[in-house]
Amino acid sequence: MGIACAVLMTVLLVTYWYVQGAEGEIYRDMADHNRLRKVPIEATRGLIYDRKGDLLVENVPSYSLLLDRSRDRSLAASVEFAARVLDTTTSALDAVLARDHDKPDFVPVLLAEGLTLGQVARISAQALEHPEFEIHVDQLRLYRHGPQTAHLLGYLGEVSEGELRSSHGELRAGELVGRKGVEEEFDSELRGRDGVRVVEVDSRGRPRKEFGRLPATPGRSLRLTIDLELQQEAERLLTGKAGAIVALDPNSGAVLALASAPSFNPNVFARRLDQSQWESILKDPGHPLEDRAIQDAYSPGSVFKIVVAVAGLAEGVIRPQDTIHCSGSKVFYDRRFRCWWPSGHGWVNLHKALRESCDIYFYTLGQKLGIENIAKYARLLGLGKKTGIGLPTERPGLVPDENWSEMVRHHPWYPGETISVAIGQGPLLVTPLQLAVMMAAVANGGYRVTPYVVLDGPPPPPVPLHLPASVLAPVQSGLVAVVNENGTGVRAAIPGLEVAGKTGTAQVVAQKTRTLNKDLPEDLRDHAWFVSYAPAEHPRLVIVVFVEHGGHGADAAAPIAKDLYETYFKIDKRKLPAT
Amino acid sequence: MRPISRSISGSFRLPDERASLHTLANVRWGLLVAAVLLAGIGLVVVASASATMHVNYLPRQALAVALGLMAMMLIFSVDYQVLLSLSLPIYAAAIALLALVLLVGHRAGGAQSWLSLGPLHFQPSEIAKLMTAILLARVLADADQRYVGARRLALVLAVVAVPMFLVVMERDLGGAVMYLPMVAGMLLVAGVRPRIRFLASVSLVVVCALVWSFALLPYQRDRIATFLNPGRDPLGAGYQVRQSKIAVGSGELTGRGFMRGTQSQLRFLPARHTDFIFSVLAEEWGFLGVATVFGLFGLFIFKGVQVALRARDRAGILLVVGLISGFAFHVLYNTAMVIGLLPVTGVPLPFLSYGGSFMLLNFMVTGLILGIDFRRYVNR
């Protein structure tokens, strides 16, 4: 066996001798003339439109300048020429070249990106004198509305080493892939498949003859459920604030607007970012990259009273006409809990409790229900778990119960916490999108929708929650009263359109004494909520407004919802009396 | 006790006495030096091959070499008799590993053959080969007739068939085929009746035909067809072989120099850090580099065969033969494939190709062979 091996190795060695010795010159010639080159044909990434067909994302050509130093007669002359055309200094270009100085000189290095057509023309015109320059064209992603659709759409980033390894050869090194939002979630559909060309090139690298070609398959274009006009208005209304707005169709779950502020410009990610640009985005105290509509969870405050009311009626703990007396505060478990209205609401039934957001009524109801029942209905209405919108950054929030307390906090649930949860405080955390799903279920007669952003086939079927009209109708009528019967949501009232909703003011810090919000430093101010739907009779739109540290929901959130309804239902704002 | 009494009995036994005392002189240095030099050359070539890739594979390959050296010392320090006595549990563990890959493994390049332990990924099919060889050596060593009996032959085939089947299930046909040279080498040395040898050759042809028509995936059939007719597929396998041949040939006698190979650095060569690492070597170091590496492989195999000839028991002989056969097959196939003499399939080059699991296996093989040689005078 050893002999057989020795013979085979000798044969191989002789073959190598032949290939490298006798035929070597032929092959060296072939290598020197780089005869065959495999050139990838990049697939065009799919476009993205809004529901009406307005273009949100497109691809535009972008020109970069490469320098092949091995074809250079004089590097200094090349740099000088490039600096003149690019309108920059030679020292700046030398710095760029220094970055790649360890690469062999026949590997072209990137000199500049984003050339103008004029610069491309000037360099092409000098191709004979300066054969060392190559112009490379690639497609640049352009987000037409920049920050206004940034969180929803996401952006593109260079593929990471880990993704490269786990992609099973589908991704090339240096390729751009979707990051966050629709770009990430639908990346494989938008990307398409690259093709390839095998070309024979001459000594200057110019293609002479094509040997074969596998065409690229362009990516699929997507049409979103988003209403661009509503989306832009939502972003405009959040300008200068931190917060989120969700608008969805309560019957299908189609998302019409999904806004988060502060925002960022996704177009800056389309090119290589330098360190300072990255840091200014990452270190921004407003955390502009975070999608507050789906990624961050907050205390819902009084908005959660809708859930507690549904639970109370469905479990038969209260009837709509039952009354509770509010004197401004009440003791539960040896601790005094206050109503937001210090002088008290007097005798309160469900209708009045919702309209005026009476805390004492819901403390009492919460105590009767217990945390387990509250948690059950919170989950039924879509809180405490991801809604399934199909965007990568969505978080589940938290619906606390006894089991959670034992498992996570390692101590029993305190009954006093139930009282806080009954008005949407305590460990309870929700995302604005979850509240939109909750609101939709109340509005559409008890169906939990799955929100979606891409119009493609039938919407995901809503889940019937088996909540009878006897449960939902009193809550709905209470929510109409909030806006239309001088309740807390009066600033969302629109003549000619019956809006139903609920305000919420979530405490950021527990306060011993009531301090006026405007006197507090901004990061300690309450979060403002307004969840709503319209028209009350046949709901077509749910709007959730969240303003971080905005103060009262009645003042900071409700007017924003009003503006959005007017936009969507085309109600002329100028004809309305000033509010 | 016997070695000592033997040394007393006659002065001409002096070298044996030194050997019996487990001195370092008893280590087969040629084998070790060849392995370490090859791995060192591998690091240089991997550095060059990944210079223009987006991932620098050098640190990971260096780590694999370091781990390999440790694994080699570890396996060297264990008496192979202990391994033989534990061959059944070791084999069971190999099967369990392969089954685990099928259940929770990762897919890469069409094959599902990776296991992840945190940041580490490894391919159990490599180590499983070594683990299977130990049981095979034990099964065949027990036979003392001139030829292996039919029942034992069936047992041997069954022992190989299970891991091979699992590797095929991982869609790694090439990996499964790599079990065959190992088994064939062991069987030939253990002794197989001429008519069975004939039958095996015939059935190999039949199986090849069957595999060709039923079991091969389209891309695999493509590669073989392209090998037979390189002009038919300029985009796929034909391109690969053509570029590889240009790389090898353009190296001429002295090579183009470290990191100066246009074929390698301009990314004409696919898989240049793994299966086609030898073309990078040939391009940048020329025939001199090729001959050096061939010399080192020759030294390794020659020393390995020497160990087999001098091992003190059948199991030791068989184990070394199996391991060296597998090793030699990899070397011969890969170097032939790179210049288009054999169809392209995933056969890496020992010690040179990038890949941690395979590096680990080859160092473990080295450690095991060194250990078997080291203990050739120790008695049961």
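These legends walk through a few close-up views of a predicted model.

Residues are numbered from 1 along each chain as its sequence is written, while chains are lettered from A and ligands numbered from 1 in the order in which they are written. Because the model is predicted, local features need pLDDT of at least 70 and side-chain atom pairs count only at pLDDT 80 or more, whereas totals for chains, interfaces and linings use all residues.

**View 1. Chain A as a whole.** Chain A holds 20 helices and 21 strands (DSSP runs numbered from the N terminus: H or I of at least four residues for helices, E of at least two for strands). Of its 579 residues, 42% are buried (20 or more other C-beta atoms within 10 Å of a residue's own; 12 or fewer is exposed, in between is partly exposed, with C-beta atoms placed from the backbone). Taking contacts (C-beta atoms, placed from the backbone, within 7 Å) between residues at least 6 apart in sequence, 72% join residues at least 24 apart.

**View 2. Leu142(A) and its neighbours.** Leu142(A) sits in strand 5 (residues 133-143) of chain A. With 16 other C-beta atoms within 10 Å, Leu142(A) is partly exposed. Leaving aside residues up to four places away in sequence, Leu142(A) touches Val57(A), Glu58(A), Asn59(A), Val60(A) and Asn267(A). Glu58(A) is 84 residues from Leu142(A) along the chain, yet their C-alpha atoms are separated by 5.3 Å.

**View 3. Where a helix of chain A meets one of chain B.** Helix 1 (residues 2-22) of chain A packs against helix 16 (residues 314-338) of chain B at an angle of about 20°, with the axes 10 Å apart. The contact involves Cys5(A), Leu8(A), Met9(A) and Leu12(A) on one side and Ala328(B), Leu332(B), Thr335(B) and Ala336(B) on the other. The two helices are therefore roughly parallel (angles under 35 degrees). For the complex, the predictor gives an ipTM of 0.72 and a pTM of 0.62.

**View 4. Helix 17 of chain B.** Helix 17 of chain B is mostly covered, with 18 of its 19 residues buried.

**View 5. Confidence along chain B.** The mean pLDDT (the predictor's confidence in each residue, from 0 to 100) of chain B is 80, and 78% of its residues reach 70 or more.

Key:
Contact = placed C-beta atoms within 7 Å. Axes fitted to C-alpha atoms, helices over the stretch in contact; angles between N-to-C directions. Parallel < 35°, antiparallel > 145°, perpendicular 65-115°, else oblique.
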